[in-house]
Amino acid sequence: MPVYKTLIYLSLLHFISTVAAIDYHVDTNSSYPNIGDVPWATLSAGDRVFIHWRAEPYREKWVINAVGTAQNPIQVIGVNGPSGQQAVIDGNGATTVPGVNFWNEKRGLIKIGGSNTPNNNLPEHIIIENLEIRSARPPFQFTNDSGGTETYASNAASLYVEIGAHITFRNNTIKDSGNGIFIGANGGQTQDILIQGNHIYDNGIGGRIYEHNTYTAAIGIVYEGNRFGALRAGALGNNLKDRSAGLVVRYNWIEDGNRQLDLVDAEDSGVLVNHPSYATTHVYGNVLIESDGQGNSQMLHYGGDSGTTADYRKGDLYFYNNTVISTRTGNTTLLRLSTNDETAHVFNNVYYGPNNGNLLALMAGSGVVNLHYNWLKAGWQDCHCTPAGSIIDLGSNQSGSNPGFSDFNNQNWQPTAASNLLDNGRAILAELLPEHALNQQYIKHQSMQSRPVAGNTDIGAFEYCTELSCDLIFADGFE
């Protein structure tokens with residue numbers, strides 16, 4: 001076919017696909033006053049569902065089992081109210097929308113994948129953004145797709161992915177559920193997940209350790225720019241719990257929970273355990289905060305918890321340029337490595353608490369910690385124990401009484417011009433480049449900006465900049 005005819009043909013295909021996509025506006029003044037008026041069973045590539053804010057929450061629940069494309073994803077988008085209020089999807093008393101039929105209804109409020117109607121095997125390229133999604137947990141009840149009344153399971157989630165690929169959750173408020181987000185690996189078919197710019201807090205079940213703000217397992221999952229807050233009062237779960245292969249946690253604010261990060265083995269998923277990315281995990285540019293009286297004294301657990309040690313991660317945790325704060329009046333431990341087969345490469349981090357430095361320990365006993373170019377509170381300990389593993393001091397670590405934050409009491413962890421954090425980090429390890437370059441930093445709250453480049457890398461999650469140079473840095477936002 002001649003080139004000009006090929007171009008005309010491709011342009012025609014693009015025009016047809018664009019014309020075929022439909023925008024649905026759920027609003028009291030539209031043709032779709034309820035979420036259930038949208039034909040969820042027949043959504044196709046490029047379709048967008050806009051859910052407009054109203055004073056009364058939407059009490060509806062549904063499944064999305066549709067197939068978009070990279071160029072034409074299927075999008076569910078909240079439209080804010082006049083004062084910036086997000087549209088609310090409330091699971092308490094919700095009714096399943098008509099026209100769909102799916103299983104595991106009691107596991108989630110908005111579910112992706114796993115239905116008879118529609119019957120796609122693998123939903124793909126789906127984006128859910130700018131909604132408040134809440135209250136999928138006992139004792140709350142809902143009306144199922146057969147008209148019966150059911151109570152949510154303890155492990156129900158605001159957002160439940162049974163199976164899916166190329167899924168994005170962006171700029172949502174996710175709260176008051178068993179799990180805020182639950183993602184299942186489904187034999188390794190769940191892949192390429194982006195959790196970006198969300199506010200996730202107030203999830204979990206009182207007295208139980210099994211539900212968390214997020215609980216995820218997939219091949220290729222990235223958390224970035226999120227704000228994680230405390231779990232529900234009395235809940236004993238972790239903040240971010242993950243069993244993935246190829247996990248990246250970067251530029252987040254993660255505050256409280258039993259542990260801030262619980263990165264353990266992919267139990268019941270041999271595909272993930274044997275995936276090439278399983279043994280390498282990246283955690284960088286985050287703010288991790290352990291408040292006094294919060295849960296476990298360990299902040300990050302890496303390795304496994306199933307008891308099947310052959311399936312533990314047994315690889316490399318790259319932990320760098322994080323700002324780690326503990327206000328505990330008792331002991332805090334930064335890292336628990338499950339076995340001596342786990343290695344943590346720890347560099348360019350600041351680890352600080354306002355209380356005695358001897359309350360802060362690096363490891364819980366096992367594993368290997370390669371330590372260099374960090375700032376640590378003077379008096380820090382290798383371990384509040386007799387370690388079975390080892391800390392290898394590779395040099396250029398600093399200790400002091402105060403790292404020089406801009407405003408500790410107001411959680412402004414930016415360094416001042418006189419801070420010892422300035423220019424005392426090292427260049428990012430060559431094996432991490434270019435994919436895991438340190439090119440962003442968190443903005444309070446739920447956003448990111450380009451990290452300034454000035455001299456050597458600063459220690460911690462934030463690079464120092466003057467008032468003028470900071471004003472010239474623009475927030476990148478999320479697209």
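A residue counts as buried when its relative accessible area is under 20%, as exposed when that value is over 50%, and as partly exposed in between (1.4 Å probe, protein chains only). Y251 is buried, with a relative accessible area of 2%. Its phi is near 60°, a positive value in a residue other than glycine, and Y251 sits in the loop between β24 (245-250) and β25 (253-255). S396 has a positive phi too, near 65°, but this residue is partly exposed at 43%; its spot is the loop between β39 (390-395) and β40.

The model is predicted, so to speak of local features takes pLDDT of at least 70, side-chain atom pairs count only at pLDDT 80 or more, and totals for chains, interfaces and linings use all residues. Residues are numbered from 1 along each chain as its sequence is written, and side-chain values use heavy atoms, with hydrogens and water left out.

Now for the sheet. Strands here are DSSP runs (E, at least two residues), as are helices (H or I, at least four), numbered from the N terminus, and two strands pair if DSSP finds at least two bridges between them. An open sheet is built from 11 strands with parallel pairing, ordered β5-β11-β16-β19-β22-β25-β28-β31-β34-β37-β40. At the edges stand β5 (87-90) and β40 (398-400), each with a single partner strand, so one side of each has no neighbour in the sheet. Strand β5 runs parallel to β11 (residues 131-134), joined by 4 bridges, and D90 stands opposite R134 in β11.

A cis peptide bond turns up between T117 and P118, with omega about -5°.
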